Protein chains: 2
Amino acid sequence: MNFTPAAFELSISRLIDAPRQKIFRAWTEPALLVQWWGPHGMTTPECEMDLWVGGQFRTLMRAPDGSEYPTMGVFLEIVAPRRLVFTDAFMPGWVPSGKAFMTAEVVLEEEGGKTRYTARALHWNEEDRQAHEAMGFHDGWGQSLDRLEALVTQGMPD
Amino acid sequence: MNFTPAAFELSISRLIDAPRQKIFRAWTEPALLVQWWGPHGMTTPECEMDLWVGGQFRTLMRAPDGSEYPTMGVFLEIVAPRRLVFTDAFMPGWVPSGKAFMTAEVVLEEEGGKTRYTARALHWNEEDRQAHEAMGFHDGWGQSLDRLEALVTQGMPD
C-alpha cells in the first residue's frame, strides 16, 4: 500500500522484525499497551479500551515529575491484524469532544517476512498539525515506537 | 430511550404513523431519500451512499433559483432499523474534512404501534450550534421531515 499523504499529516514508519499479529496485539491489549505507550521516561498507569467501532480508548501517561497526560477517544476502524483507526473528535456515543484535534491510523503490512509499521496523525488544519509537531510528535511517537519494537521483538511470547 | 441532551445539540422529534423499517429505508435507499431530502421547494438531484461505517454519504440539493448545496460525510453507525449516525468531520478513508461542523443521529423507536422519530445534530462548539440554528435548522429539518412523513405514510409501498 502506498499512502498519498493527506493534508495536515504527521507520520512515522519503520520496518519491524516481528509478525504483525504481535504488533496488533501490543496495540489492542491494555496489559501490553501500558508496557510501551509513551516516550522514554513516561509510564502509562491506566489504559481502558472498548475494542469496537465507537468504543472508548483511554490512556493516562505519567511523567517522572508526576504530571499526568490523559488521552481519550473512540475507535473508528478495527481490522485485525492490519489496521486501527481512532480519533479524539468523539466521546463514546459519538458525542463531539471538546476539540477535534487528531485522527490516528496505524497500518501493519507484511514486507519480506517483517512488518512495515506506519502510524499517521491526521489533523483538521495546519495550525493543529504544527502544534502537534511542536509538541514533539516525531520524538514522542518515535520513542514509543522504540519501546513497542523492543516489546514485540524481545519481550512478548509468540 | 430518553436522551440527555448533549452540549451544542439541536434536535427535532415527531411521532410518525409508519413502521420504523419504512422510515429506515427512506433514509438509506438513495432512490427514496431524494424524494424527501431538503426543505420545501428544494430538490435533491444527487445522492450517493456507501452504507457501511466509514462509507461516503453525499447529497446535492438544488434551490428553485438554481443554487446548489452539496453535503458530504461518512457513516459512523448503522443499526437497521433503528439508528443511523453520520458526520461531516471526515471524508472516506477517515481523512479529516475541511471542517468538523456536525454529527447527525437519527433514532427510530417503536411507540404504541407508531414510530418515534428523533433527529439530533451535534456540534463541536456553541458557535457552530448557533450558526446551524441561524441557518434555519428547525424549519429546514422540519420541512424535510414533513416530506419524509408524507412519503412513508402515503407514498411508499409496504
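What rotation superposes chain A on chain B? The views below begin with that relation.

View 1. A rotation of 180°, with a shift of 0.0 Å along its axis, superposes chain A on chain B with an RMSD of 0.0 Å (least squares on the C-alpha atoms of residues with pLDDT of at least 70 in both). This is the relation of a two-fold axis. Both copies use the same surface, since 100% of the contact residues of chain A recur in chain B (contact means heavy atoms within 4.5 Å). Local features in this predicted model need pLDDT of at least 70 and side-chain atom pairs count only at pLDDT 80 or more, while totals for chains, interfaces and linings use all residues. Residues are numbered from 1 along each chain as its sequence is written, chains are lettered from A in the order in which they are written, and side-chain values use heavy atoms, without hydrogens and water.

**View 2. The open sheet of chain A.** Seven strands (DSSP runs of E, at least two residues) follow the order β1-β9-β8-β5-β4-β3-β2 with antiparallel pairing; strands pair if DSSP finds at least two bridges between them. The edge strands, β1 (9–16) and β2 (43–49) of chain A, each pair on one side only. From one strand to the next, the twist averages 20° (axes are lines fitted to C-alpha atoms, and angles run from 0 to 180 degrees between N-to-C directions).

**View 3. Strands β2 and β3 of chain A.** Five bridges join β2(A) to the antiparallel strand β3 (residues 56–62). T43(A) has R62(A) in β3(A) as its bridge partner.

**View 4. Helices α1 and α4 of chain A against the sheet.** Helices are DSSP runs of H or I of at least four residues. Helix α1 (residues 20–28) runs at about 160° to β8(A). Seven of the nine residues of α1(A) are buried, so the helix is largely enclosed by the rest of the structure (buried means under 20% relative accessible area with a 1.4 Å probe, protein chains only). Among them are I23(A), F24(A) and W27(A). Helix α4 (residues 137–155) touches β1, β8 and β9 of chain A, and its direction makes about 25° with that of β1(A).

**View 5. Aromatic pairs.** The whole structure holds 22 aromatic pairs over all chains (Phe, Tyr and six-membered Trp rings with centres within 6.5 Å; edge-to-face means planes over 60 degrees apart). W36(B) and W37(B) form an edge-to-face pair, with ring centres 5.7 Å apart and planes at 65°. Both W36(B) and W37(B) are buried.

Technical notes. Buried means under 20% relative accessible area, exposed over 50%, partly exposed in between (1.4 Å probe, protein chains only). Rings of Phe, Tyr and Trp (its six-membered ring) pair if their centres lie within 6.5 Å; planes under 30 degrees apart count as stacked, over 60 as edge-to-face and the rest as tilted.
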